[in-house]
Amino acid sequence: MQTAGRATAVAPANIAFVKYWGVRDPVLTLPFNESVSMNLDRCLTTTTVAFDPRLDDDEVLLKLYGQDERPAEGRARERVVAQLDRLRGLAGVATRARVRSENNFPADAGIASSAAAFAALTAAAAAALGLELSERELSILARRSGSGSACRSIPAGFVHWRNDGTDAGSYALSVAPPEHWALADIVAVVDPGVKSVGSAENHRLVTSSAYWPARLQEVPGHVVAALEAIRERDLQRLGEVCERDAVSMHVVAMTARPPTFYWSAGTLAVIHALHRWRREGLAGYFTIDAGPNVHVICQAAQADELEARLRALPEVQWTILNHPGPGTRVVERPGS
Ligand code: PMV
């Protein structure tokens, strides 16, 4: 084993075409179903982890977009420390660490920032500890952080989170590199200030929805269709699956006990506009995570036109344009 040192990793956020919604085992973060996603090339978290024998406790400093760096507190800090503990356990060391993490995208834009954050933390801490881990092992560790979708930010491009219900069999792998398909995801921010119920709480509530069994039955078909659509670069097929799967996820959230309504009036305005534009021949399809903002999936060649139209809607406050991106990479290693 190498001496613990310092490493930096950069990780992308990702957007799910087929959603992870519902946790079967909250300790290991094992999902009920498989999911499919694409890494976002412009929404990145950069994290440096430095193990230092002089520290009595872990230090966790977060710099969110547009804000000053400040120490993480409460649950946010506990989750980082728990993930460091998992990696220290593997390496057989007890040394405390200084963690500095920075986002280049607004945390309230409806982009799952925790996926990028825990993928970057996991890769940086593993490299700093000199752990030689495969991509699959890193993905499993990122999943165990509690932000399950972090496992999908490890491999490159278009990603399938496989799940056989076991710890070793629940990991993400790349099904196509980013350059496979010139696709775009335009995030249409309709409600930046809305504080919603976090996904962690709702992952535990899924079974209280009467519609949960119906979702569980249809998701395997969505996964197969999304993977085929990616392989064949078939936007209509992928778009239709994205919309069906997102609506199914939100039906479960809206009918859970207690229910959560993530959509706002702006969400519906964007959905209706997309339907209108599709009838005119401009193809953009929606998907929506645990918030009101809408991700519009389209061909990269049509992204400028769609982005301009989205910006012209009174409900849309701003947009962020992404293309398929690489996975998590270590940009600085001990001794480098
Ligand atoms: O990985 P979590 O716990 O942040 O949950 C992700 C939930 C969704 O973003 C709504 C869906 C997904 O698969 O990314």
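**Exercise 1.** How many residue pairs are in polar contact between domain 1 and domain 2?

*Solution.* Start with the model: it is predicted, so local features need pLDDT of at least 70 and side-chain atom pairs count only at pLDDT 80 or more, while totals for chains, interfaces and linings use all residues. Residues are numbered from 1 along each chain as its sequence is written, and side-chain values use heavy atoms, leaving out hydrogens and water.

Next, find the two parts: domain 1 is 5-179 and domain 2 is 180-322, with bounds from an automatic or database domain assignment.

Now the count: eleven residue pairs, both at pLDDT 80 or more, are in polar contact. Such a contact is a pair of N or O atoms within 3.5 Å; within protein, one must be able to donate a hydrogen and the other to accept it, and residues adjacent in sequence count only if both atoms are side-chain atoms.

**Exercise 2.** Which side chains meet in a salt bridge?

*Solution.* Recall the rule: a side-chain nitrogen of Lys or Arg lies within 4 Å of a carboxyl oxygen of Asp or Glu. Then look at K19 and D289, whose side chains meet at 2.7 Å, N to O. Across the interface of the two domains, the rule finds one salt bridge.

**Exercise 3.** What area do domain 1 and domain 2 bury between them?

*Solution.* Buried area is the accessible area (1.4 Å probe) that two parts lose on being put together, summed over both. Here that comes to about 3,100 Å², with 70% of it on carbon and sulfur atoms. Finally, F17, K19 and W21 supply 28% of the area that domain 1 buries against domain 2, more than any other three residues.
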